[in-house]
Structures are given as structure tokens and as C-alpha cells.
Amino acid sequence: MTALRIFLARLRGLFGGDDRRERELRAEIDAHIAEAAEEFERQGVPANEGRRLAFARFGGVTQTMETHRDRRRFRPFGSFGQDLAYGARMLARNMGFTLVAVLTLAIGILANTTTISAVNAVLFRPLAIDRPAQVHQIFTGGVREVDGDTGEDASAKFSYRVYKSLRESATMFDGLLATWVLVSQAVNVAPSATSRASYAGRRRGEIVSGNYFSLLGVRASQGRLLADDDDRTPNAHPVVVLSEKFWKAQLDSDPNVVGRLVKINGHPFNVIGITPASFTGTVFAAQTDFWVPLMMQGMMHGQYGQEPGPQWHTGAMRKYVMSCQSANGGGSTFFGLRPTREGPKCETPLGEKNCGPVRELAYLRIFGRLPGNISRTAAESQLNASAGHLAEPMYADSARRFTLEPEVESRHKDHSSQVRLISLLALGGSILVWLVACATWPICCSRVRVRVSASWPSGCRSAPAAGASHGNC
Amino acid sequence: MSDVLYGSLGLIILKTLEALGPLHGYRIARRIEQISGDHLALNQGTLYPALLKLEQAGWIRSSWGESDSGRAVKIYALTKAGRKHLAAEEAAWQHATGIVARFFKIQDERS
């Protein structure tokens, strides 16, 4: 309360009346000196000597007036220009210090800008697609289980059968697309007649439904992208779309890339087109290098290179075990499943164990485009109403079986919580660096100031604000 | 002047005004010197910023008047808020110095 009163009084001091108060103070001090001199005179001291003694007892008049003035009102910018000039002078005099300070700040700013723009891209920037706000990802509201193999949220993964069923019944959407991200596929490109560029290595790809690119609104920068006709018959569409990044870096921007042969896991695929550089796939913070139709799934390797991959499109639904109750209570390491009368058993390194919940192999992530006039809740209830005939118990026992989330939000849930964690850590780190820089800078400056004031003529209690009242000291 | 006393200049001024009633700056300075038996080598000038602070806090108020010798001087007087503040501070001061004093009284208890 008192502090507030003082603050307000000093604030008032900024608005006029200060000249009058300065004059009043001067008069007050003059009266003080006169009274003191008079008293000395009464004690028999000569008039001149009395006046000198009075001044001596008072201390510095100018200094008193200055302190008084500083206390009377704030000086927000009164000395700012002087401080600036003083700072510039000190920096010019101290080139080494200046160099270190400037470099420190430069590196700090650079690191921060980089981190923040990277984190921004990872966490918040929409995908480079047409009207990204309309694109939503589907989750199962009932189950929130982490996939033992990939560490990803299993609630974002669906079987092909569920995808097909939803695609047919969810009429509120402009369409639903499915994608399975495959981390490490063997990719080989041999030199062609027109280009010597070749490639052999492992690359990240997505196997996607035929409507993937049209639904996202991504247009080819060369050739054409996958269409529904490329995704009709199992194993009958050996076509591949490459990313612009892969095309530029690995194939030397070969102008005749369309029609070239790319071997994926030893199977030949024809390049039909290149995506624009801005589109890096549906996995945020990661670059997808190639896209092949969902129907070619049999030629892709599973997460750990099982050969051949499980073929859900043929109707032979393989069961996927959510977890295996091993001796230590968890873990999903198992070699195979053996059907028994009590249910399937897992074969693990420690022998046969009881299986956890069994569901269809589910690796597909499903995205849908919702037209602007359809609400999320309406679409969710339509999904749930149509899911009644899905035989799996996990879709039946929960009141809210399916949930929808806009892509920018869903990415935080779905893919690798590690990416988010690392991003946030990086962001926190850069903020810390920034704070340290902020704290260090004034300390360094004040060091310089202290040195100066120490070298000021003795008798001057503190270094006066730059340039002000040297005469006093 | 020791640091302890420097920090309590405001309190000393308030107590002086309470004891003697409204005074002008020079009288306050002289009174402080007299009471302290000239142990406080006060730079009299430091009084004025201190007075300003007390006035801003609302503990004293000032008005122009006349000194004994008929000179125009600013007279400072304790306000109601100042009286209250002084009472509180005085109690706190007694309490604090009392505690410290008790420690100084401790005899060597090792033998």
C-alpha cells in the first residue's frame, strides 16, 4: 500500500509542477543554510566562517537536489539517451568484450530461431495440403493402448476391414483415406539410359489408398499422382510416386524420371510422378520418400521386415495380438501364435504364454475430409452409428467408439509422443538459453559500469549518470 | 553513521516530529544531532530526500510557515497515518532489538 502511494506520487511527478517544486526545494535549502549560519553567528563565529561551516554540515547541495529530484519522479527516458551513448562508448573501448557479447547474442538468437521454427513446424504448422483445417483423423475412443512394437498410439490404427466399412458408410465426409507408414524399405534404383544417377538404401514410404492425393488436394509437380484406379486389384498396380526431395537428392533431378524403374524390396515399380517439395507425407516431422497403392501391400515389409507382409486385402485376416502376458507381466516379444481350445497361445522365448486381447492386424491410419458445413460431432455420431456391424468387441463396448480430431491436433496424439517430447524439450532449452542471455547481458554491462565508478575521482559516491554533473565530484 | 541507523532515518524523523510537533528541516536536523549526542554525523542534506519519501508515503505533510527568526520555511507535521505507522514500527523495532539484545546477554556457558 505504501509502495503504491510512493509509486503514484512519483508518477504524478512526471506531469508538470516539477519546476515549482525544484524552486521550493532550493528555497528550503537556502533557508536551512541561513538558519544554520545564524546559529553559528550566535555562538560567536564570524559571518563568513559561519556560512562556510553551514555548507559543510549540509553536505553537497547539488547532490541533495539531485537525489531529491530522482525520488520525486520517475526518469523513464530522461537519461536513456545518455545511457545509450555511454554504453556505445564503453563497447567501443572494450573490443574483446564487445566481440564476445555480440557473438554470444548472435549464436543465442540463431539457436533460438532455428529451434523455434523447427518446433513450430513440428507441432503447429498445418500440412501443406488443400484446406488443411478440414482434414481430420479418426481414433477409437474406447481403446487407448500403446502399440508394443512401435510405441505409437494404437487407438489411431485400424484394420483394412474397418477402413473399408467406414469408407462406405461415412457419407458426411468428402472421403476417407488410409495410410500405413513403413519406416524402412529397401529401395533400389539402377542407372537408366538417360541418367547415371542410381540409389540403393532404405527409405520411409507410405502405402496409401487410391484417393490419398486427391482427397488431400496435393498436385503432382511432375507426371501424375496415385488415383483410385491404381488401387483396385491386389498386387496388380506396381506404380510408385516419389518425393521431390528424394528425386532431387538421390536421382539428380532426372528430367526423365517418369517411367523409370524403382525396386522396392526387390519388386519392380514404375515411377508415375513426383510430389511437390512442400508435401512431406502425413507423418509430421518426417519425410516420406515414396508412396505406393494400398493394394501393393503384399510387397512391402512389415515393421520388422516380416516377409511377406500380412495381406489383409485378400480377406485372410490375420489376428494381431495386442499383448502377450509374459512372466514379467508385460512385453510383446513373441514368435508366433498357436490356436488352442482355450484360445490362442503366444510362443515366446520363455515358452507358451496366454495371449492378451486379440484383434485384427491394424496398422492403417485413417484421415477424412469434412466439408465446412458438417460439424465434428455430427460426423462422429455417423461413424459410430455405422460401426454397429463391425464384429470386433473393441468397437462395440464403448459408448464413444470413434472420435475425430483435426490433423494439427491429432498428430500430437497419434505419432510418436517422443517427437513431441523432444520438441518441447528443445523449446524449453532454447527458452532457458534465452533467459540466461538476458540475465548475463546486464551483469556484464554492470561489471563495466562498476569498473568505471571505481576509477571515478574519490569523494564521488557513485558514478553519476553519464556525463551529468561532473563538477560535483 | 552505521548502516542500521542509516536505514532508520525515516523512523528517527517520525519520532522527532511526534515528540516535538511540527518542525522545519533545520530544526529536525539539529534535534537529531542533539538527541544522538552528536554521535550521528548526519549530512544534513540527506534529510530532504528522506522527508520527501515520508511525505510521498503519506506519513507526514508539509506546508510553508515561518521560522523563529521569521524566515519562510517548510514545516513538516506528522499525519494520522504517520502516527499509526510509527507506533507499529516502534513496536517492531523494540521487538527486534529485544531479541538481538538477549543474544548479546548470553554469557559464556561452556565452563
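In this predicted model, 28 residues of chain B are in contact (heavy atoms within 4.5 Å) with 27 residues of chain A. Y26(B), Y48(B) and Q56(B) supply 28% of the area that chain B buries against chain A, more than any other three residues. Local features need pLDDT of at least 70, side-chain atom pairs count only at pLDDT 80 or more, and totals for chains, interfaces and linings use all residues. Residues are numbered from 1 along each chain as its sequence is written, and side-chain values use heavy atoms, without hydrogens and water.

**Interface of chains A and B**
- About 2500 Å² is buried between the two chains, and carbon and sulfur atoms give 52% of this; buried area is the accessible area (1.4 Å probe) that two parts lose on being put together, summed over both.
- The rule finds 5 salt bridges across the interface, a salt bridge being a side-chain nitrogen of Lys or Arg within 4 Å of a carboxyl oxygen of Asp or Glu.
- R30(B) forms a salt bridge with E39(A), with the closest N and O atoms 3.3 Å apart.

**T288(A)**
- T288(A) lies in the loop between β7 (267-274) and β8 (290-293) of chain A; strands are DSSP runs (E, at least two residues), numbered from the N terminus.
- The C-alpha atoms of T288(A) and L182(A) are separated by 9.1 Å, although the two are 106 residues apart along the chain.
- Leaving aside neighbours within four places in sequence, the contacts of T288(A) include R204(A), E206(A) and S243(A).

Technical notes
Chains are lettered from A and ligands numbered from 1 in the order in which they are written. Helices (H or I, at least four residues) and strands (E, at least two) are DSSP runs, numbered from the N terminus.
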